[in-house]
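Please examine the sequence and the structure shown below. The briefing that follows treats symmetry, the interface, helix packing and confidence in turn.

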Number of protein chains: 2
Amino acid sequence: MTASRTARERVRAELTREITDIARRQLATEGAGGLSLRAVAREMGMVSSAIYRYFPSRDDLLTTLIIDGYNALGEAVERADAACPQDDFPRRWMTICHAVRDWAVAHPHEYALLYGSPVPGYQAPQDTVAARVRDVTVLGRLISDAWRAGTIRPPADSPAEELTSEAAALRDLMPGVPDSVLWRGVSAWTALYGWVNFEVFGQFNNTIEDRRAVFEHSMRLAASTIGLAQ
Amino acid sequence: MTASRTARERVRAELTREITDIARRQLATEGAGGLSLRAVAREMGMVSSAIYRYFPSRDDLLTTLIIDGYNALGEAVERADAACPQDDFPRRWMTICHAVRDWAVAHPHEYALLYGSPVPGYQAPQDTVAARVRDVTVLGRLISDAWRAGTIRPPADSPAEELTSEAAALRDLMPGVPDSVLWRGVSAWTALYGWVNFEVFGQFNNTIEDRRAVFEHSMRLAASTIGLAQ
DNA sequence: CGTTCGTCAAGAGCGGTGCTCTCGTTTTTT
DNA sequence: AAAAAACGAGAGCACCGCTCTTGACGAACG
(Lines give C-alpha, C1' and ligand atoms only; values in the text may rest on other atoms or scores of the structure.)
Protein backbone atom coordinates (compact mmCIF):
# COMPACT_ATOMS: atom_id res chain seq x y z
CA MET A 1 0.00 0.00 0.00
CA THR A 2 2.74 2.40 0.89
CA ALA A 3 4.78 1.11 -2.00
CA SER A 4 2.03 1.82 -4.48
CA ARG A 5 1.51 5.31 -3.11
CA THR A 6 5.19 5.99 -3.02
CA ALA A 7 5.44 6.57 -6.74
CA ARG A 8 3.47 9.78 -6.51
CA GLU A 9 4.24 10.66 -2.95
CA ARG A 10 7.95 10.41 -3.50
CA VAL A 11 7.97 13.05 -6.19
CA ARG A 12 5.63 15.09 -4.05
CA ALA A 13 8.00 14.96 -1.11
CA GLU A 14 10.86 15.83 -3.39
CA LEU A 15 9.07 18.80 -4.88
CA THR A 16 8.01 19.98 -1.44
CA ARG A 17 11.60 19.86 -0.34
CA GLU A 18 12.73 21.70 -3.46
CA ILE A 19 10.20 24.44 -2.77
CA THR A 20 11.41 24.95 0.77
CA ASP A 21 15.03 24.92 -0.38
CA ILE A 22 14.44 27.62 -2.95
CA ALA A 23 12.31 29.56 -0.50
CA ARG A 24 15.04 29.37 2.12
CA ARG A 25 17.56 30.66 -0.38
CA GLN A 26 15.28 33.53 -1.32
CA LEU A 27 14.76 34.22 2.36
CA ALA A 28 18.49 34.38 2.91
CA THR A 29 19.05 36.84 0.08
CA GLU A 30 15.88 38.94 0.08
CA GLY A 31 14.56 38.65 3.62
CA ALA A 32 11.16 37.58 4.80
CA GLY A 33 9.32 40.30 2.91
CA GLY A 34 10.98 39.31 -0.33
CA LEU A 35 9.75 35.77 -0.17
CA SER A 36 7.52 35.35 -3.20
CA LEU A 37 5.61 32.25 -4.18
CA ARG A 38 5.66 33.35 -7.79
CA ALA A 39 9.42 33.73 -7.73
CA VAL A 40 9.78 30.27 -6.25
CA ALA A 41 7.50 28.85 -8.91
CA ARG A 42 9.38 30.71 -11.62
CA GLU A 43 12.67 29.28 -10.44
CA MET A 44 11.19 25.80 -10.48
CA GLY A 45 9.76 26.21 -13.95
CA MET A 46 6.27 25.81 -12.61
CA VAL A 47 3.23 27.97 -12.83
CA SER A 48 2.49 29.95 -9.69
CA SER A 49 -0.80 28.27 -8.99
CA ALA A 50 0.86 24.88 -8.89
CA ILE A 51 2.68 25.83 -5.70
CA TYR A 52 -0.64 25.85 -3.91
CA ARG A 53 -0.86 22.10 -4.38
CA TYR A 54 2.00 21.87 -1.91
CA PHE A 55 1.54 24.85 0.38
CA PRO A 56 -1.99 26.20 0.82
CA SER A 57 -0.70 29.70 1.47
CA ARG A 58 2.39 31.80 1.76
CA ASP A 59 2.06 31.74 5.51
CA ASP A 60 2.19 27.95 5.54
CA LEU A 61 5.44 28.02 3.62
CA LEU A 62 6.71 30.58 6.09
CA THR A 63 5.69 28.35 8.97
CA THR A 64 7.77 25.43 7.78
CA LEU A 65 10.70 27.78 7.23
CA ILE A 66 10.31 29.02 10.79
CA ILE A 67 10.13 25.53 12.21
CA ASP A 68 13.18 24.55 10.18
CA GLY A 69 14.95 27.61 11.52
CA TYR A 70 14.17 26.79 15.12
CA ASN A 71 15.41 23.28 14.59
CA ALA A 72 18.59 24.42 12.86
CA LEU A 73 19.43 26.87 15.62
CA GLY A 74 18.43 24.42 18.32
CA GLU A 75 20.51 21.68 16.81
CA ALA A 76 23.53 23.97 16.49
CA VAL A 77 23.26 24.86 20.16
CA GLU A 78 22.72 21.27 21.21
CA ARG A 79 25.74 20.05 19.31
CA ALA A 80 27.95 22.82 20.60
CA ASP A 81 26.98 22.06 24.18
CA ALA A 82 27.35 18.33 23.70
CA ALA A 83 30.91 18.82 22.50
CA CYS A 84 31.85 20.44 25.81
CA PRO A 85 33.09 18.64 28.90
CA GLN A 86 29.80 18.61 30.73
CA ASP A 87 31.26 19.59 34.07
CA ASP A 88 32.96 22.73 32.79
CA PHE A 89 29.97 24.98 33.23
CA PRO A 90 31.52 28.37 32.42
CA ARG A 91 32.87 26.92 29.21
CA ARG A 92 29.49 25.44 28.36
CA TRP A 93 27.90 28.85 28.88
CA MET A 94 30.34 30.61 26.59
CA THR A 95 30.04 27.84 24.02
CA ILE A 96 26.26 28.14 23.96
CA CYS A 97 26.51 31.90 23.62
CA HIS A 98 28.87 31.62 20.68
CA ALA A 99 26.76 28.95 19.06
CA VAL A 100 23.72 31.20 19.13
CA ARG A 101 25.66 34.20 17.88
CA ASP A 102 27.49 32.29 15.17
CA TRP A 103 24.31 30.82 13.81
CA ALA A 104 22.54 34.16 13.91
CA VAL A 105 25.35 35.98 12.15
CA ALA A 106 25.54 33.23 9.52
CA HIS A 107 21.76 33.25 8.92
CA PRO A 108 20.62 36.77 9.72
CA HIS A 109 17.33 36.64 7.86
CA GLU A 110 16.34 33.30 9.32
CA TYR A 111 17.30 34.56 12.75
CA ALA A 112 15.14 37.63 12.18
CA LEU A 113 12.27 35.30 11.42
CA LEU A 114 12.70 33.62 14.79
CA TYR A 115 13.63 36.45 17.11
CA GLY A 116 12.87 39.64 15.19
CA SER A 117 9.69 41.58 14.72
CA PRO A 118 6.76 39.29 14.04
CA VAL A 119 5.81 39.09 10.38
CA PRO A 120 2.74 41.30 10.01
CA GLY A 121 -0.46 39.38 9.61
CA TYR A 122 1.28 36.14 10.39
CA GLN A 123 0.15 34.12 13.36
CA ALA A 124 2.49 31.39 14.47
CA PRO A 125 0.61 28.12 14.74
CA GLN A 126 1.04 25.75 17.65
CA ASP A 127 3.31 23.48 15.62
CA THR A 128 6.18 25.84 16.22
CA VAL A 129 6.27 25.66 20.01
CA ALA A 130 7.92 22.26 20.09
CA ALA A 131 10.88 23.37 18.01
CA ARG A 132 11.04 26.88 19.42
CA VAL A 133 12.31 25.84 22.84
CA ARG A 134 15.21 23.67 21.72
CA ASP A 135 17.85 26.34 22.19
CA VAL A 136 16.58 27.64 25.51
CA THR A 137 16.20 24.09 26.74
CA VAL A 138 19.94 23.63 26.43
CA LEU A 139 20.46 26.83 28.35
CA GLY A 140 18.11 25.75 31.12
CA ARG A 141 19.75 22.39 31.41
CA LEU A 142 23.16 24.01 31.79
CA ILE A 143 21.95 26.18 34.65
CA SER A 144 20.20 23.28 36.27
CA ASP A 145 23.29 21.12 35.97
CA ALA A 146 25.55 23.83 37.33
CA TRP A 147 23.26 24.41 40.28
CA ARG A 148 23.06 20.74 41.07
CA ALA A 149 26.86 20.52 40.92
CA GLY A 150 27.18 23.40 43.35
CA THR A 151 29.07 25.57 40.89
CA ILE A 152 26.59 28.43 41.10
CA ARG A 153 27.06 30.66 44.09
CA PRO A 154 23.67 31.28 45.69
CA PRO A 155 22.93 34.95 45.07
CA ALA A 156 22.56 37.28 48.00
CA ASP A 157 19.39 38.86 46.64
CA SER A 158 16.00 37.33 46.99
CA PRO A 159 13.42 38.09 44.32
CA ALA A 160 10.13 39.56 45.37
CA GLU A 161 7.52 37.06 46.43
CA GLU A 162 5.09 38.20 43.77
CA LEU A 163 7.43 36.68 41.21
CA THR A 164 7.06 33.19 42.64
CA SER A 165 3.88 32.44 40.73
CA GLU A 166 5.43 33.74 37.52
CA ALA A 167 8.17 31.16 37.53
CA ALA A 168 5.93 28.17 36.85
CA ALA A 169 6.57 27.80 33.14
CA LEU A 170 10.26 28.45 33.61
CA ARG A 171 10.77 25.89 36.35
CA ASP A 172 10.33 23.14 33.79
CA LEU A 173 13.32 24.51 31.92
CA MET A 174 15.46 24.81 35.05
CA PRO A 175 14.35 22.05 37.42
CA GLY A 176 15.59 22.12 40.97
CA VAL A 177 16.86 25.68 40.83
CA PRO A 178 15.87 28.30 43.42
CA ASP A 179 13.95 31.31 42.21
CA SER A 180 16.81 33.73 42.66
CA VAL A 181 18.98 31.70 40.30
CA LEU A 182 16.07 31.11 37.98
CA TRP A 183 15.51 34.80 37.41
CA ARG A 184 19.20 35.35 36.94
CA GLY A 185 19.04 32.67 34.30
CA VAL A 186 16.22 34.50 32.58
CA SER A 187 18.23 37.71 32.72
CA ALA A 188 21.22 36.03 31.15
CA TRP A 189 18.95 34.50 28.54
CA THR A 190 17.56 37.89 27.52
CA ALA A 191 21.02 39.44 27.69
CA LEU A 192 22.33 36.86 25.25
CA TYR A 193 19.58 37.29 22.72
CA GLY A 194 19.46 41.02 23.28
CA TRP A 195 23.08 41.26 22.29
CA VAL A 196 22.61 39.07 19.23
CA ASN A 197 19.57 41.08 18.23
CA PHE A 198 21.55 44.29 18.38
CA GLU A 199 24.33 42.84 16.30
CA VAL A 200 22.19 41.14 13.67
CA PHE A 201 19.82 44.08 13.34
CA GLY A 202 22.67 46.50 12.82
CA GLN A 203 22.57 48.52 16.03
CA PHE A 204 26.33 48.16 16.42
CA ASN A 205 27.15 49.43 12.95
CA ASN A 206 29.75 52.20 13.07
CA THR A 207 29.96 51.71 16.83
CA ILE A 208 31.61 48.39 17.59
CA GLU A 209 33.87 46.70 15.10
CA ASP A 210 35.26 43.61 16.80
CA ARG A 211 31.86 42.43 17.91
CA ARG A 212 32.96 38.95 18.77
CA ALA A 213 35.40 40.21 21.35
CA VAL A 214 32.93 42.59 22.94
CA PHE A 215 30.28 39.90 22.87
CA GLU A 216 32.57 37.52 24.65
CA HIS A 217 33.32 40.07 27.35
CA SER A 218 29.63 40.86 27.76
CA MET A 219 28.66 37.22 28.04
CA ARG A 220 31.35 36.72 30.63
CA LEU A 221 29.73 39.44 32.67
CA ALA A 222 26.39 37.71 32.21
CA ALA A 223 27.93 34.47 33.46
CA SER A 224 29.04 36.15 36.65
CA THR A 225 25.53 37.55 37.02
CA ILE A 226 24.21 34.02 37.00
CA GLY A 227 26.79 33.19 39.63
CA LEU A 228 28.89 30.99 37.37
CA ALA A 229 32.44 31.30 38.64
CA GLN A 230 34.98 31.86 35.89
CA MET B 1 7.97 86.45 -0.12
CA THR B 2 7.55 83.83 2.56
CA ALA B 3 4.11 85.19 3.34
CA SER B 4 2.96 84.87 -0.25
CA ARG B 5 4.32 81.35 -0.48
CA THR B 6 2.82 80.48 2.82
CA ALA B 7 -0.64 80.19 1.35
CA ARG B 8 0.44 77.22 -0.66
CA GLU B 9 3.11 75.90 1.64
CA ARG B 10 0.82 75.91 4.62
CA VAL B 11 -1.68 73.55 3.06
CA ARG B 12 1.22 71.49 1.83
CA ALA B 13 2.65 71.19 5.32
CA GLU B 14 -0.76 70.33 6.65
CA LEU B 15 -1.33 67.62 4.07
CA THR B 16 2.14 66.24 4.70
CA ARG B 17 1.35 66.03 8.37
CA GLU B 18 -1.99 64.37 7.67
CA ILE B 19 -0.27 61.76 5.55
CA THR B 20 2.20 60.90 8.28
CA ASP B 21 -0.58 60.78 10.86
CA ILE B 22 -2.64 58.35 8.84
CA ALA B 23 0.47 56.35 8.00
CA ARG B 24 1.39 56.14 11.66
CA ARG B 25 -2.08 54.90 12.50
CA GLN B 26 -1.89 52.29 9.78
CA LEU B 27 1.52 51.33 11.06
CA ALA B 28 0.10 50.88 14.53
CA THR B 29 -2.71 48.61 13.35
CA GLU B 30 -1.19 46.74 10.43
CA GLY B 31 2.53 46.84 11.09
CA ALA B 32 5.33 48.01 8.85
CA GLY B 33 4.54 45.58 6.06
CA GLY B 34 0.94 46.68 5.97
CA LEU B 35 1.80 50.28 5.33
CA SER B 36 0.27 51.07 1.95
CA LEU B 37 0.48 54.38 0.14
CA ARG B 38 -2.72 53.56 -1.68
CA ALA B 39 -4.53 52.94 1.57
CA VAL B 40 -3.30 56.24 2.98
CA ALA B 41 -4.45 58.03 -0.16
CA ARG B 42 -7.80 56.27 -0.03
CA GLU B 43 -8.34 57.37 3.53
CA MET B 44 -7.51 60.94 2.57
CA GLY B 45 -9.84 60.92 -0.39
CA MET B 46 -6.94 61.39 -2.73
CA VAL B 47 -5.72 59.46 -5.67
CA SER B 48 -2.71 57.29 -4.96
CA SER B 49 -0.41 59.12 -7.32
CA ALA B 50 -1.00 62.40 -5.52
CA ILE B 51 0.86 61.08 -2.48
CA TYR B 52 4.04 61.09 -4.49
CA ARG B 53 3.91 64.87 -4.57
CA TYR B 54 4.65 64.75 -0.88
CA PHE B 55 6.75 61.62 -0.46
CA PRO B 56 8.79 60.48 -3.42
CA SER B 57 8.58 56.85 -2.34
CA ARG B 58 7.24 54.51 0.27
CA ASP B 59 10.67 54.32 1.82
CA ASP B 60 10.76 58.07 2.30
CA LEU B 61 7.50 57.97 4.18
CA LEU B 62 8.91 55.13 6.24
CA THR B 63 12.01 57.18 6.96
CA THR B 64 10.07 60.06 8.46
CA LEU B 65 8.06 57.60 10.52
CA ILE B 66 11.28 56.09 11.81
CA ILE B 67 12.77 59.47 12.66
CA ASP B 68 9.54 60.45 14.41
CA GLY B 69 9.67 57.20 16.32
CA TYR B 70 13.23 57.74 17.48
CA ASN B 71 12.33 61.22 18.60
CA ALA B 72 9.20 60.08 20.42
CA LEU B 73 11.06 57.36 22.28
CA GLY B 74 14.02 59.62 22.95
CA GLU B 75 11.80 62.38 24.26
CA ALA B 76 9.93 59.98 26.51
CA VAL B 77 13.20 58.77 28.00
CA GLU B 78 14.56 62.29 28.36
CA ARG B 79 11.47 63.53 30.16
CA ALA B 80 11.35 60.55 32.46
CA ASP B 81 14.97 61.04 33.44
CA ALA B 82 14.57 64.78 33.85
CA ALA B 83 11.73 64.22 36.32
CA CYS B 84 14.06 62.29 38.62
CA PRO B 85 16.22 63.74 41.36
CA GLN B 86 19.43 63.78 39.40
CA ASP B 87 21.58 62.44 42.21
CA ASP B 88 19.46 59.35 42.80
CA PHE B 89 21.20 57.21 40.21
CA PRO B 90 19.56 53.84 40.89
CA ARG B 91 16.19 55.47 40.60
CA ARG B 92 17.20 57.20 37.39
CA TRP B 93 18.26 53.84 35.96
CA MET B 94 14.98 52.16 36.81
CA THR B 95 13.04 55.16 35.52
CA ILE B 96 14.84 55.05 32.21
CA CYS B 97 14.22 51.33 31.92
CA HIS B 98 10.53 51.72 32.56
CA ALA B 99 10.30 54.65 30.16
CA VAL B 100 11.75 52.54 27.36
CA ARG B 101 9.58 49.58 28.16
CA ASP B 102 6.40 51.61 28.59
CA TRP B 103 6.86 53.36 25.29
CA ALA B 104 7.67 50.10 23.51
CA VAL B 105 4.64 48.32 24.94
CA ALA B 106 2.42 51.25 24.04
CA HIS B 107 3.76 51.48 20.48
CA PRO B 108 4.86 47.96 19.58
CA HIS B 109 4.89 48.41 15.82
CA GLU B 110 6.79 51.65 15.96
CA TYR B 111 9.24 50.05 18.36
CA ALA B 112 9.64 47.17 15.95
CA LEU B 113 10.52 49.69 13.28
CA LEU B 114 13.32 51.07 15.45
CA TYR B 115 14.72 47.99 17.15
CA GLY B 116 13.26 45.03 15.28
CA SER B 117 14.30 43.30 12.12
CA PRO B 118 15.28 45.78 9.44
CA VAL B 119 12.57 46.36 6.86
CA PRO B 120 13.59 44.33 3.80
CA GLY B 121 14.93 46.44 1.00
CA TYR B 122 14.97 49.50 3.17
CA GLN B 123 18.25 51.28 3.80
CA ALA B 124 18.20 53.81 6.61
CA PRO B 125 19.53 57.14 5.40
CA GLN B 126 21.97 59.22 7.41
CA ASP B 127 19.20 61.54 8.59
CA THR B 128 18.17 59.01 11.16
CA VAL B 129 21.43 58.86 13.11
CA ALA B 130 20.86 62.15 14.88
CA ALA B 131 17.52 61.07 16.33
CA ARG B 132 18.50 57.45 16.87
CA VAL B 133 20.90 58.12 19.73
CA ARG B 134 18.61 60.23 21.90
CA ASP B 135 17.57 57.39 24.18
CA VAL B 136 21.00 55.88 24.61
CA THR B 137 22.45 59.34 25.18
CA VAL B 138 20.34 59.64 28.31
CA LEU B 139 21.60 56.27 29.43
CA GLY B 140 25.21 57.21 28.84
CA ARG B 141 24.82 60.46 30.72
CA LEU B 142 23.39 58.63 33.70
CA ILE B 143 26.33 56.28 33.87
CA SER B 144 28.77 59.13 33.38
CA ASP B 145 27.08 61.15 36.12
CA ALA B 146 27.01 58.23 38.51
CA TRP B 147 30.66 57.51 37.92
CA ARG B 148 31.65 61.10 38.47
CA ALA B 149 29.65 61.15 41.69
CA GLY B 150 31.44 58.05 42.92
CA THR B 151 28.26 56.00 43.17
CA ILE B 152 29.53 53.28 40.87
CA ARG B 153 31.77 50.76 42.54
CA PRO B 154 34.81 50.19 40.33
CA PRO B 155 34.46 46.62 39.06
CA ALA B 156 37.07 44.08 39.99
CA ASP B 157 37.40 42.79 36.44
CA SER B 158 39.45 44.46 33.79
CA PRO B 159 38.39 44.07 30.18
CA ALA B 160 40.85 42.68 27.71
CA GLU B 161 43.18 45.21 26.18
CA GLU B 162 42.02 44.42 22.67
CA LEU B 163 38.71 46.06 23.57
CA THR B 164 40.31 49.40 24.26
CA SER B 165 40.24 50.49 20.63
CA GLU B 166 36.64 49.38 20.29
CA ALA B 167 35.41 51.81 22.89
CA ALA B 168 36.08 54.96 20.88
CA ALA B 169 32.56 55.62 19.66
CA LEU B 170 31.12 54.73 23.03
CA ARG B 171 33.37 57.01 25.05
CA ASP B 172 31.50 59.99 23.63
CA LEU B 173 28.35 58.63 25.19
CA MET B 174 29.97 57.96 28.55
CA PRO B 175 32.72 60.55 28.99
CA GLY B 176 35.17 60.11 31.82
CA VAL B 177 34.23 56.52 32.53
CA PRO B 178 36.84 53.74 32.71
CA ASP B 179 36.59 50.96 30.19
CA SER B 180 35.46 48.36 32.68
CA VAL B 181 32.42 50.47 33.58
CA LEU B 182 31.88 51.40 29.95
CA TRP B 183 31.49 47.81 28.88
CA ARG B 184 29.22 47.11 31.80
CA GLY B 185 27.13 50.00 30.62
CA VAL B 186 26.95 48.48 27.16
CA SER B 187 25.93 45.17 28.69
CA ALA B 188 23.17 46.83 30.67
CA TRP B 189 22.09 48.67 27.55
CA THR B 190 21.74 45.47 25.54
CA ALA B 191 20.10 43.73 28.48
CA LEU B 192 17.46 46.45 28.66
CA TYR B 193 16.60 46.38 24.99
CA GLY B 194 16.95 42.63 24.83
CA TRP B 195 14.29 42.28 27.47
CA VAL B 196 11.99 44.76 25.75
CA ASN B 197 12.53 43.00 22.45
CA PHE B 198 11.52 39.70 23.96
CA GLU B 199 8.40 41.17 25.49
CA VAL B 200 7.27 43.20 22.49
CA PHE B 201 8.01 40.43 20.02
CA GLY B 202 6.02 37.92 22.02
CA GLN B 203 8.75 35.63 23.34
CA PHE B 204 7.24 35.80 26.81
CA ASN B 205 3.75 34.79 25.69
CA ASN B 206 2.44 31.89 27.75
CA THR B 207 5.61 32.05 29.83
CA ILE B 208 5.63 35.20 31.94
CA GLU B 209 2.44 36.99 32.83
CA ASP B 210 3.39 39.85 35.13
CA ARG B 211 6.08 41.08 32.83
CA ARG B 212 6.47 44.42 34.50
CA ALA B 213 7.44 42.81 37.79
CA VAL B 214 9.92 40.43 36.22
CA PHE B 215 11.30 43.23 34.10
CA GLU B 216 11.85 45.34 37.18
CA HIS B 217 13.67 42.53 38.92
CA SER B 218 15.82 41.89 35.88
CA MET B 219 16.73 45.54 35.48
CA ARG B 220 17.65 45.68 39.14
CA LEU B 221 20.10 42.87 38.48
CA ALA B 222 21.43 44.81 35.51
CA ALA B 223 21.91 47.84 37.75
CA SER B 224 24.04 45.84 40.12
CA THR B 225 26.04 44.59 37.14
CA ILE B 226 26.86 48.19 36.29
CA GLY B 227 27.89 48.64 39.89
CA LEU B 228 25.01 50.92 40.80
CA ALA B 229 24.32 50.32 44.47
CA GLN B 230 20.67 49.88 45.27
C1' DC C 1 -4.83 93.32 -16.21
C1' DG C 2 -3.22 89.45 -18.63
C1' DT C 3 0.32 86.06 -19.38
C1' DT C 4 3.54 82.73 -17.99
C1' DC C 5 5.25 79.34 -15.02
C1' DG C 6 5.27 76.08 -11.31
C1' DT C 7 2.40 73.17 -8.45
C1' DC C 8 -1.21 70.19 -7.93
C1' DA C 9 -4.91 66.22 -8.29
C1' DA C 10 -6.42 62.94 -11.33
C1' DG C 11 -6.29 59.11 -14.44
C1' DA C 12 -4.33 55.42 -17.08
C1' DG C 13 -1.03 52.09 -17.14
C1' DC C 14 3.17 48.83 -16.09
C1' DG C 15 4.87 44.93 -13.74
C1' DG C 16 4.59 42.72 -9.57
C1' DT C 17 2.12 40.13 -5.66
C1' DG C 18 -1.16 36.33 -3.18
C1' DC C 19 -4.81 33.65 -4.24
C1' DT C 20 -8.99 31.27 -6.69
C1' DC C 21 -11.28 28.78 -10.15
C1' DT C 22 -11.64 25.90 -14.12
C1' DC C 23 -10.05 22.60 -17.41
C1' DG C 24 -7.77 18.77 -19.34
C1' DT C 25 -4.34 15.18 -18.17
C1' DT C 26 -2.21 11.71 -15.48
C1' DT C 27 -1.91 8.63 -11.79
C1' DT C 28 -3.88 5.95 -8.24
C1' DT C 29 -7.60 3.38 -6.35
C1' DT C 30 -11.70 0.58 -6.68
C1' DA D 1 -11.75 -1.37 -17.04
C1' DA D 2 -14.07 2.34 -14.57
C1' DA D 3 -14.20 5.73 -10.92
C1' DA D 4 -11.68 8.86 -8.08
C1' DA D 5 -8.13 11.56 -6.71
C1' DA D 6 -4.13 14.43 -7.66
C1' DC D 7 -1.84 17.34 -10.69
C1' DG D 8 -0.02 21.31 -13.99
C1' DA D 9 -1.47 24.93 -16.74
C1' DG D 10 -3.96 29.00 -17.64
C1' DA D 11 -7.02 32.86 -16.97
C1' DG D 12 -8.52 36.04 -13.83
C1' DC D 13 -9.39 38.97 -9.42
C1' DA D 14 -7.90 42.51 -6.31
C1' DC D 15 -4.15 44.57 -4.51
C1' DC D 16 0.56 46.81 -4.40
C1' DG D 17 4.54 50.58 -5.61
C1' DC D 18 5.56 53.53 -9.04
C1' DT D 19 5.60 56.34 -13.61
C1' DC D 20 3.80 59.21 -17.05
C1' DT D 21 0.60 62.40 -19.03
C1' DT D 22 -3.16 65.64 -18.82
C1' DG D 23 -5.73 69.44 -17.42
C1' DA D 24 -6.81 72.84 -13.77
C1' DC D 25 -5.46 76.21 -10.55
C1' DG D 26 -2.81 79.86 -8.13
C1' DA D 27 1.07 82.90 -7.74
C1' DA D 28 4.45 85.90 -9.76
C1' DC D 29 5.86 89.05 -13.40
C1' DG D 30 5.61 92.10 -17.51
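Copies are superposed by least squares on the C-alpha atoms of residues with pLDDT of at least 70 in both, where pLDDT is the predictor's confidence in each residue, from 0 to 100. This is a predicted model, in which local features need pLDDT of at least 70 and side-chain atom pairs count only at pLDDT 80 or more, while totals for chains, interfaces and linings use all residues. Residues are numbered from 1 along each chain as its sequence is written, and chains are lettered from A and ligands numbered from 1 in the order in which they are written.

**Interface**

- Contact between 42 residues of chain A and 42 residues of chain B is judged by C-beta atoms, placed from the backbone, that lie within 7 Å.
- On the side of chain A that touches chain B, the elements giving two or more residues are α9 (168-171), α10 (179-200) and α11 (211-226) of chain A; helices (H or I, at least four residues) and strands (E, at least two) are DSSP runs, numbered from the N terminus.
- The most is given by α10(A), with 11 residues.
- By class, this side of chain A has 20 nonpolar, 16 polar and 6 charged residues; Ala, Val, Leu, Ile, Met, Phe, Trp, Tyr, Cys and Pro count as nonpolar, Asp, Glu, Lys and Arg as charged, and the others, Gly among them, as polar.
- Because 100% of the interface residues of chain A are also interface residues in chain B, the copies meet through the same surface.

**Helix packing in chain B**

- Helices α10 (residues 179-200) and α11 (residues 211-226) of chain B pack at an angle of about 170°, with their axes 9 Å apart; axes are lines fitted to C-alpha atoms, for helices over the stretch in contact, and angles run from 0 to 180 degrees between N-to-C directions.
- This makes α10(B) roughly antiparallel to α11(B), a term for angles over 145 degrees.
- Residues of α10(B), including B:Trp195, meet residues of α11(B), among them B:Phe215.
- The residues of this contact divide into 8 nonpolar, 4 polar and 3 charged.

**Confidence**

- Chain A has a mean pLDDT of 92, and 97% of its residues reach 70 or more.
- Among the elements of chain A, the mean pLDDT is lowest in helix α1 (residues 2-30), at 86, and highest in helix α5 (residues 89-106), at 98.

Technical notes: Two residues are in contact if their C-beta atoms, placed from the backbone, lie within 7 Å. Angles under 35 degrees count as roughly parallel, over 145 as roughly antiparallel, 65 to 115 as roughly perpendicular and the rest as oblique.
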